[in-house]
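Please read the report below with the sequence and the structure side by side, and find each residue as it is named.

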Amino acid sequence: MNILSLDIEEWFHILDNTSTKDEADWLKYPSRIHKNMDRIFDLLDRTNTRASFFVLGWIAEKYPEVVKEIVANGYDIGSHSMFHQLVYEQDKLKFREDLKRSIHTLEDLSGKKIQLYRAPGFSITEQTKWAFEELVDIGITIDSSIFPANRGHGGFPSYGEACPSIIDVNGVQLKEFPINTVKLAGKNVIFSGGGYFRIAPYSVVRKWTKSSEYVMTYFHPRDLDPEQPMIKDLALPRKFKSYVGLHKCEAKLEKWLTEFEFIDISEAEKRVDWQKAKIIKLDV
């Protein structure tokens with residue numbers, strides 16, 4: 001089962017970086033969201049692929065037509081937070097208010113109940129398990145915030161096997177579609193989204209896809225935008241990961257979507273036998 005999902009944000013929404021930290025910084029940069037969304041919609045049309053869209057509330061407020069086009073095309077829509085801040089840098093109240101505003105914004109524009117969520121940077125960690133209770137309280141039923149490996153920001157390496165599962169936090173449950181991993185030299189390796197996908201040769205992506213029963217992708221509009229400006233103050237490792245492979249990514253992704261079947265989260269939820277799904281108990 002291969003799932004296609006996209007995190008809808010601007011090209012300058014880069015985490016852990018001083019010049020792209022918050023809204024005051026974002027307003028200094030030109031928008032590229034419409035051109036990049038056109039690329040995404042065209043790609044999905046060409047490959048006849050359904051996808052789930054995790055939309056930043058800030059994007060929805062500033063460019064409501066983006067949300068309306070996603071809905072008009074019949075795609076899944078979920079929250080990617082309001083202001084793209086790392087969860088582990090927030091307390092419960094700040095997280096709750098950000099989440100609430102994003103969901104109300106998306107529901108008002110889409111006319112749909114928002115039940116999907118993904119944290120910016122997959123930043124729900126072992127120290128912020130309380131976030132799952134907040135998600136359930138506001139009506140989220142499906143999460144895709146778990147990155148079950150070590151990560152520069154966030155990461156949940158103790159989660160265990162990366163497969164559709166049920167998270168149980170003090171008796172409160174929700175369905176989880178984590179990012180998938182493969183074993184390489186005894187370590188959990190990611191290949192199915194963002195910079196990881198752009199760095200890995202297609203032959204490797206193809207091999208690992210064939211050997212995986214479950215693949216959860218995550219792409220951003222910026223991943224398909226080779227003409228985007230460069231954020232100059234990024235550290236060299238982040239600069240490499242943010243810009244490597246941009247020129248080839250769209251063609252590479254199109255080949256992947258053509259060679260393998262990809263579905264959205266709504267369809268994936270129907271295909272999972274939740275009675276047999278692993279239950280991950282997380283005590284807060």
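## Ser31 and its surroundings

In this predicted model, the side chain of Ser31 makes a polar contact of 2.5 Å with the side chain of Glu10. When neighbours within four places in sequence are left aside, the residues in contact with Ser31 are Glu10 and Tyr63.

For a sense of distance across the model, the C-alpha atoms of Ser31 and Ile140 are 30 Å apart in space, while the two residues are 109 residues apart in sequence.

## Ser212, a buried serine

Ser212 also sits in a loop, the one between helix H8 (202–210) and strand E11 (215–216). With a relative accessibility of 15%, Ser212 counts as buried, because the cut-off for that class is under 20%.

A polar atom of the Ser212 side chain lies 2.6 Å from the backbone oxygen of Trp208. Beyond the residues up to four places away in sequence, Ser212 touches Val182 and Phe191.

## The nonpolar cores

The largest nonpolar core has 70 residues, and those with the most contacts inside it are Ile8, Phe53, Val55 and Trp256. Helix H2, which runs over residues 33–47, gives the most to this core, with six residues. A second, separate core has 20 residues, including Leu116, Phe177, Tyr214 and Met216.

## Pockets

How much space lies in the largest pocket? The value is about 460 Å³, and the pocket is lined by 26 residues, of which Arg151, His153, His220, Arg238 and Lys241 lie nearest its centre. By class, this lining divides into eight nonpolar, 10 polar and eight charged residues. Helix H7 (194–199) and helix H9 (236–243) each supply at least two residues of the lining of the largest pocket. Helix H9 is also the place of Phe240, which is partly exposed at 48% relative accessibility. The C-alpha atoms of Phe240 and Thr20 are separated by 17 Å, although the two residues stand 220 residues apart along the chain.

The second largest pocket holds about 330 Å³ of space. Its lining is made of 14 residues, and those nearest its centre are Glu161, Ala162, Cys163, Glu213 and Tyr214, while the lining as a whole has five nonpolar, six polar and three charged residues.

## The cavity and Asp16

The structure holds one cavity of 30 Å³ or more, and the volume of the largest cavity is about 70 Å³. Its lining includes His13, Ile14, Leu15, Asp16, Asn17, Thr20 and Lys21, together with Trp26, His84, Gln85, Leu86 and Glu89. These lining residues divide into four nonpolar, five polar and three charged.

Asp16, one of the residues that line the cavity, lies in the loop between strand E2 (5–8) and helix H1. Its phi angle is near 55°, a positive value in a residue other than glycine, and with a relative accessible area of 43% Asp16 is partly exposed.

## Asn170 and its backbone angle

A positive phi is also found at Asn170, where the angle is near 50° in a residue other than glycine. Asn170 lies in the loop between strand E7 (165–169) and strand E8 (172–176), and its relative accessible area of 45% makes Asn170 partly exposed.

Definitions and conventions: Residues numbered from 1 in each chain as written. Predicted model: local features only at pLDDT ≥ 70, side-chain atom pairs only at ≥ 80, totals over all residues. Heavy atoms only, no water. 1 Å grid on protein atoms, 1.4 Å probe; cavity = no way out; pocket = protein on both sides within 12 Å on 5 of 7 lines; lining within 4 Å. Points joined across faces, edges and corners; volume = space filled by probe spheres on them. Nonpolar A, V, L, I, M, F, W, Y, C, P; charged D, E, K, R; others polar. Helix = DSSP H or I, 4+ residues; strand = E, 2+ residues; numbered from the N terminus. Buried < 20%, exposed > 50% of the residue type's maximum accessible area, 1.4 Å probe, protein only. Polar contact = N/O pair within 3.5 Å; in protein donor to acceptor, adjacent residues only side chain to side chain. Contact = heavy atoms within 4.5 Å. Core = buried A, V, L, I, M, F, W, Y, C linked by side-chain atoms within 4.5 Å.
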